[in-house]
Amino acid sequence: MTAIAASGIHHVTLMTRNVQANVDFYVGFLGLRLIKRTGGYEDAQQLHLLYGDRLGSPGSIVTFLVWEDGAPGRVGNGQVSEIALAVPSASIGDWMTRALSHGVPMTGPSQEFGESVLRLKDPDGVIVKLVGADLPAAAPWGNEAVAPRRLRAVTLLTDQPEETAAFIARFGYRPGPREGNVQRLLSDTDAVDVRDASGYVPGIPGTGTADHVAFRAADVADVRKHEAALSRLNSSPTNFHDRNYFTSLYVREPGGTLIEVATDGPGFAIDEEADRLGERLFVPPGDAARAEDLKAMLPQFALPGEPRLPHRDLPFVHRFFTPDQPDGSTLVLLHGTGGNEADLMPLVRRIAPRATLLGVRGRSHEEGVLRWFRRIGMTKFDQADIAFEAKAFAAFVEGAVAGYGLDPARLTFLGYSNGANFMAAVMALHPGVIRRAILLRSMPVLETLPQADLAGTQALLLTGARDPFGQEAPRLEAWLREQGADVNARNIDAGHELSPADLSEARQWFETTEGGRNG
């Protein structure tokens, strides 16, 4: 192992909207090692994947925050626009052939700062440069003749190039050569390319963009020195964090790029053996009780060589979770206003631990909040939009049953609030699509409830005794009964929010209906 001083880049963190495609590219195509998977550190429901060399050595690490099907960002000023990985100089031709055979978008090779550069795009459109630079690998991983060895450089877009360069210099960088509008800064191990992008558009955070670049610090005392120096400089506010695997400080440079200063230690092998890095999901120490919930809520993926999880292109964004020992039943989950396709999974895991979960995301947006249909007022809804979305949802169910091989006789639909209201509308407009339903805090949203043959349909309605919208629930219950549905309606001690009583009532009902049979 080659000794490397604590200077230069520690890691780069970006955002992806497709975890499986991301893993396929960085592990399957580039050959990096998945060194750690964590959940709930940056956000309560966010998966974080870290790639690197054999040990996840500082200077080799590329990480991704997973926003599955999240909105794409825009690369612009105040962001990292490109990342570069050093590969053996003689391997550039091999990488060209590999990119062509894998259908990876590619340009080059070209010469940049005297080095051969092959410019690729990952599945999110992030520019990844493979640079022919015979730099040492701290902990080699993969085929030594072609494998990426470490980060070679990052490119920063800025409309304040001199100020940005001066700020980056404090992390051990000195001026290097200039090419066109790019000033290269050099550390003992890598480079930062500061691109003068004056007049260009500002960056917009989102998938396909970088969140930050981190520079190395020897230890916590070194991070504290940076904190004190930045305070005297009157820089942007700093934030100090214990990330378990390293301690860090965040600050923005004058051009707007988010910068992190991160310690080399204690490293990623403190909770996994070196030869088993990246195999387990880790959650914050104080959140251990949520570990099983997070396993269900976070998007699943397969490493190269593992059985591939299916994913079908269907009209609604969705999340599929398969338990360790599935019993053949499936629960389809429809979130409430402001929710998403994963937020009901912890509750439903407790209702049916061995059921496959299919969480679905509503397609309507109200000031950035997810819903299932447009709302005109608090109790007035866009009838045409409800009808359109209900038809699309019926097609989604048909596609999911066929595409994922689901047993239609073992489907149960569970909806909360806006999702439950939408479920009831689907039952009215497309009888037979939903034959078993758990409706939590539901009310009718169709102005005219139609005649519908619901014979053989089973429904559990749970209404909060203090729910301000609960006064509409009896009308929905009466209509369901009139259409021939087998209805079990309960008032529970709750408001509009979910309560432990919802869990116990739903679990008991599920276990006594056909959907609760073990296959």
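Contact, in these exercises, means heavy atoms within 4.5 Å. The model is predicted, so local features need pLDDT of at least 70, side-chain atom pairs count only at pLDDT 80 or more, and totals for chains, interfaces and linings use all residues. Residues are numbered from 1 along each chain as its sequence is written, and side-chain values use heavy atoms, with hydrogens and water left out.

**Exercise 1.** Find out where Asp502 sits and what Asp502 is in contact with.

Step 1: go to helix 10, residues 500-512, and you'll find Asp502 there. (Helices are DSSP runs of H or I with at least four residues, strands are runs of E with at least two, and both are numbered from the N terminus.)

Step 2: check the accessibility. Asp502 has 2% relative accessibility, so Asp502 counts as buried. (Buried means under 20% relative accessible area, exposed over 50%, and partly exposed in between, using a 1.4 Å probe and protein chains only.)

Step 3: skip the neighbours within four places in sequence, and Asp502 is in contact with Leu440, Arg441, Leu462, Ile492 and Glu497.

Step 4: take a look at Arg441, whose side chain makes a polar contact of 2.8 Å with the side chain of Asp502. (That's a pair of N or O atoms within 3.5 Å; within protein, one must be able to donate a hydrogen and the other to accept it, and residues adjacent in sequence count only if both atoms are side-chain atoms.)

**Exercise 2.** Work out how the rings of Phe316 and Phe396 are arranged.

Step 1: get the rule. Rings of Phe, Tyr and Trp (its six-membered ring) pair if their centres lie within 6.5 Å; planes under 30 degrees apart count as stacked, over 60 as edge-to-face and the rest as tilted. This rule gives 22 aromatic pairs.

Step 2: apply it. Phe316 and Phe396 are 5.8 Å apart centre to centre with 75° between the planes, an edge-to-face pair.

Step 3: Phe316 is in the loop between helix 5 (291-297) and strand 18 (318-321), while Phe396 is in helix 7 (residues 383-404), 80 residues apart.

Step 4: check burial. Phe316 is buried at 1% relative accessible area, and Phe396 is buried at 0%.
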